[in-house]
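Welcome! Have a look at the sequence and the 3D view below, and then we will walk through a few places together.

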Amino acid sequence: MFLTPDNWKYKSSDKPGLDRIVSPETTDCEITSVFRLNLVKGHKYNLSNDELELNAVLIHGKAKVIHDSGSIALEKLDSF
């Protein structure tokens with residue numbers, strides 16, 4: 001459903017949902033974690049984590065991100 005380039009160092013699921021790709025438990029990274037969220041057009045996902053500082057990066061499509069300080073509209077390759 002969602003494409004994962006063959007040349008990515010860390011593989012992730014192509015199914016809808018949240019996938020933890022990089023973490024201190026699975027890589028040499030000591031504090032960094034990277035997640036991939038595959039979201040079907042029109043669907044919503046609520047992400048909350050009291051332990052991690054989160055930063056959204058949109059790779060494909062458009063999304064509205066709502067956070068404590070307000071909201072932001074993201075398009076392909078946007079981040080906040």
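This is a predicted model: local features need pLDDT of at least 70, side-chain atom pairs count only at pLDDT 80 or more; totals for chains, interfaces and linings use all residues.

How many residues lie between β3 and β4 in the hairpin that they form? The hairpin has 2 residues between its strands. Strands here are DSSP runs of E, at least two residues long, numbered from the N terminus. β4 covers residues 70-75 and pairs with β3 in the antiparallel sense over 6 bridges; two strands count as paired if DSSP finds at least two bridges between them.

Residues are numbered from 1 along each chain as its sequence is written, and side-chain values use heavy atoms, leaving out hydrogens and water.

Buried means under 20% relative accessible area, exposed over 50%, and partly exposed in between, with a 1.4 Å probe and protein chains only.

| Residue | Relative accessible area | Class |
|---|---|---|
| S12 | 15% | buried |
| L47 | 49% | partly exposed |
| L77 | 61% | exposed |

S12 sits in the segment before β1. Its side chain makes a polar contact with the side chain of R36 at 2.8 Å; such a contact is a pair of N or O atoms within 3.5 Å, where one must be able to donate a hydrogen and the other to accept it, and residues adjacent in sequence count only if both atoms are side-chain atoms.

L77 belongs to the segment after β4. Its phi is near 70 degrees, a positive value in a residue other than glycine. Most residues other than glycine have a negative phi.

L47 is in the loop between β2 (34-38) and β3 (62-67). Leaving aside residues up to four places away in sequence, L47 touches L18 and L54, where contact means heavy atoms within 4.5 Å. From L47 to I31 there are 16 residues in sequence and 19 Å in space, C-alpha to C-alpha.

Which class of residue makes up 27 of the lining of the largest pocket? The answer is nonpolar, alongside 12 polar and 7 charged residues. Here Ala, Val, Leu, Ile, Met, Phe, Trp, Tyr, Cys and Pro count as nonpolar, Asp, Glu, Lys and Arg as charged, and the others, Gly among them, as polar.

Key. Helices (H or I, at least four residues) and strands (E, at least two) are DSSP runs, numbered from the N terminus.
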